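Welcome, and thanks for taking a look at this one. Please have the sequence and the structure open while you read, and follow along with the briefing below.

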Amino acid sequence: LIVLVTGDLLSGELASGTIRMLATKPISRTGIVLSKWFAATIYTLIMTLWMGFLSLFVAHWIFGTGDLMVLNPDGLLILPSDDLLWRFGISMVLAFLALWTVATLSLAFSAFAKNSVGPIVITMAVIILFTIIGTLDVTVFDDLKFYLFTTHMATWRIVFEDPFPTEDILISAMVLLGHVVGLLLLAIYRFNRKDINA
């Protein structure tokens, strides 16, 4: 859902021709990209909050309160109910960072394209390719895996481990934020050089 909306933000305007009219307004091209990125950020935040609402409050309504059983590679872990709210909050922040990275990637591809289908398909292809590379047990990819954003997209899951992995979470958050900043700069650079009259 994130990719379907954000992949259309710039390329959809270009395909419909409304980008030319938008470019005549007293706003820079960088301002256009930043406003689209801000809209993508708000949309991503709303989607994350909605999923958080479903996973926490609706589940609370259906199943009630109590301790949380977590199945991880080390076995079954039972987290006390007092720890659940703050862990869910941190996991939602990490989920937002992961989806924000995907939204910014899709927006960056949208700055290169002339229609909306391309950025959507390419973003999904990149996610699938990076996920495959991350799961392959091939030594040539070992050094690369850390830098792939897909490696850090599921960091929200380790919030429910004990002891709490603070260092791993901070590292993953920094990698995802680095991707967001880098992809946003790429989108701004490309859109500033794009011929919108063609």
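Let's begin with open space: the largest pocket in this predicted model has a volume of about 350 Å³. Among the 15 residues lining that pocket, Leu-56, His-60, Gly-64, Gly-66 and Leu-84 are the closest to its centre.

**The largest pocket**

- Two elements, helix H4 (29–63) and H5, each give two or more residues to the lining of the largest pocket.
- Which of them gives the largest share of the lining? That is H4, with six residues.

**The overall fold**

- The protein chain is built from nine helices and two strands.
- Read from the N terminus on, its elements follow the order α-α-α-α-β-β-α-α-α-α-α.
- Along its principal axes, the C-alpha trace spans about 60 × 45 × 25 Å.
- The protein chain has 198 residues, and 38% of them count as buried.
- If you take contacts between residues at least 6 apart in sequence, 72% of those contacts join residues at least 24 apart.

**Ser-91 in helix H5**

- You will find Ser-91 in helix H5, which covers residues 84–112.
- Is Ser-91 buried or exposed? Its relative accessibility is 2%, so Ser-91 counts as buried, the cut-off being under 20%.
- A polar atom of the Ser-91 side chain lies 2.8 Å from the backbone oxygen of Phe-88.
- Leaving aside residues up to four places away in sequence, Ser-91 touches Trp-156, Val-159 and Phe-160.

**Ser-110 in helix H5**

- Helix H5 also holds Ser-110.
- With a relative accessibility of 1%, Ser-110 counts as buried.
- Which residues does Ser-110 touch, not counting those up to four places away in sequence? They are Thr-6, Gly-7, Asp-8, Leu-9, Leu-10, Ser-11 and Pro-119.

**Aromatic residues**

- Searching the whole structure turns up eight aromatic pairs.
- Phe-88 and Phe-160 are both buried.
- Elsewhere, Trp-37, Phe-96 and Trp-100 form one aromatic cluster.
- A charged residue meets a ring too: Arg-29 lies over the face of Phe-191, at 6.0 Å from the ring centre.

**A cis peptide bond**

- Which residues does a cis peptide bond join? They are Asp-162 and Pro-163, and omega is about 10 degrees.
- In general, most peptide bonds are trans.

Terms used
Residues numbered from 1 in each chain as written. Predicted model: local features only at pLDDT ≥ 70, side-chain atom pairs only at ≥ 80, totals over all residues. Heavy atoms only, no water. Helix = DSSP H or I, 4+ residues; strand = E, 2+ residues; numbered from the N terminus. Buried < 20%, exposed > 50% of the residue type's maximum accessible area, 1.4 Å probe, protein only. Polar contact = N/O pair within 3.5 Å; in protein donor to acceptor, adjacent residues only side chain to side chain. Contact = heavy atoms within 4.5 Å. Phe/Tyr/Trp six-rings, centres within 6.5 Å; stacked < 30°, edge-to-face > 60°. Lys NZ or Arg CZ within 6 Å of the ring centre and 35° of its normal. 1 Å grid on protein atoms, 1.4 Å probe; cavity = no way out; pocket = protein on both sides within 12 Å on 5 of 7 lines; lining within 4 Å. Points joined across faces, edges and corners; volume = space filled by probe spheres on them.
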